[in-house]
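I opened this entry to keep track of what I looked up and in which order. The sequence and the structure come first, then my notes.

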Amino acid sequence: MPYQDEFVLFWDQVRESIHDRRFAKLTMAKTIGKPNLKNIFVRPIYSEDGFKVLVKLRYASKETEDEEKELTLEDAFEFLKSHLKAPFSTVLLFTTTKDVTFKINKKGAGTITENVPTFRDVTQAKTDF
């Protein structure tokens, strides 16, 4: 299955984990090549105003300062989707009930695998905005 279609199925699991308050963290890793952008981390922000996420961009270069932005879930989906395959080939969803891994292989096919959970509790992101 093309990775774009498989990513939509993966994102359904992200939405479900948020709805059930099981979402702990999401990480984009395994870059293709040696880009300056090293990782993208997504943490939950549950508030009275609704659900948002804190997206943190971590760079390899010490000269480039890490960035943080607060996004809606829909905006986070579009933002993360734009970083698939170039430069990231792996997205890890950590929930309190399971870990879900989305990978893109060299042929451009996406796969989803599940493992035992890494996190037992949900920790909200701390924002300084």
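**Two helices**

I began with the helix pair: F7, V8, W11, V14, R15 and I18 in α1 meet L73, A76, F77, L80 and K81 in α2. Contact here means heavy atoms within 4.5 Å. By class, this contact has nine nonpolar, no polar and two charged residues. Ala, Val, Leu, Ile, Met, Phe, Trp, Tyr, Cys and Pro count as nonpolar, Asp, Glu, Lys and Arg as charged, and the others, Gly among them, as polar.

I noted that the model is predicted, that local features need pLDDT of at least 70 and side-chain atom pairs pLDDT 80 or more, and that totals for chains, interfaces and linings use all residues. Residues are numbered from 1 along each chain as its sequence is written, and side-chain values use heavy atoms, with hydrogens and water left out.

I then looked up the geometry. Helix α1 covers residues 3-19 and helix α2 residues 73-81; their axes come within 12 Å and cross at roughly 150 degrees. The axes are lines fitted to C-alpha atoms, for helices over the stretch in contact, and angles run from 0 to 180 degrees between N-to-C directions. Helices (H or I, at least four residues) and strands (E, at least two) are DSSP runs, numbered from the N terminus.

**The sheet**

In what order do the strands of the sheet lie? I found seven strands in an open sheet, ordered β4-β3-β2-β1-β5-β6-β7, with antiparallel pairing. Two strands pair if DSSP finds at least two bridges between them. The edge strands, each pairing on one side only, are β4 (67-71) and β7 (110-115). From one strand to the next the twist averages 15 degrees.

I went through some of the pairs. β1 and β2 run antiparallel and are joined by three bridges; T27 stands opposite F41 in β2. β2 and β3 are antiparallel over ten bridges, and a hairpin joins them through two residues. S47 has G50 in β3 as its bridge partner. β3 and β4 are antiparallel over five bridges, with V55 opposite K69 in β4.

Which residues of α2 are buried? I listed L73, A76, F77, F79 and L80. Buried means under 20% relative accessible area, exposed over 50%, and partly exposed in between (1.4 Å probe, protein chains only). These buried residues pack against α1, β1, β2, β3 and β4.

**The core and L26**

I turned to the largest nonpolar core, which has 30 residues; F10, V14, L26 and I40 have the most contacts inside it. Such a core is a set of buried Ala, Val, Leu, Ile, Met, Phe, Trp, Tyr and Cys residues joined through side-chain atoms within 4.5 Å. The largest share of this core, six residues, comes from α1.

I checked two of these residues. Leaving aside neighbours within four places in sequence, V14 is in contact with F23, L26, L73 and L93. L26 lies in strand β1 and counts as buried because its relative accessibility is 1%. Not counting residues up to four places away in sequence, L26 touches residues including F10, W11, I40, L80 and L92. L26 and L92 are 66 residues apart along the chain, and their C-alpha atoms are separated by 5.5 Å.
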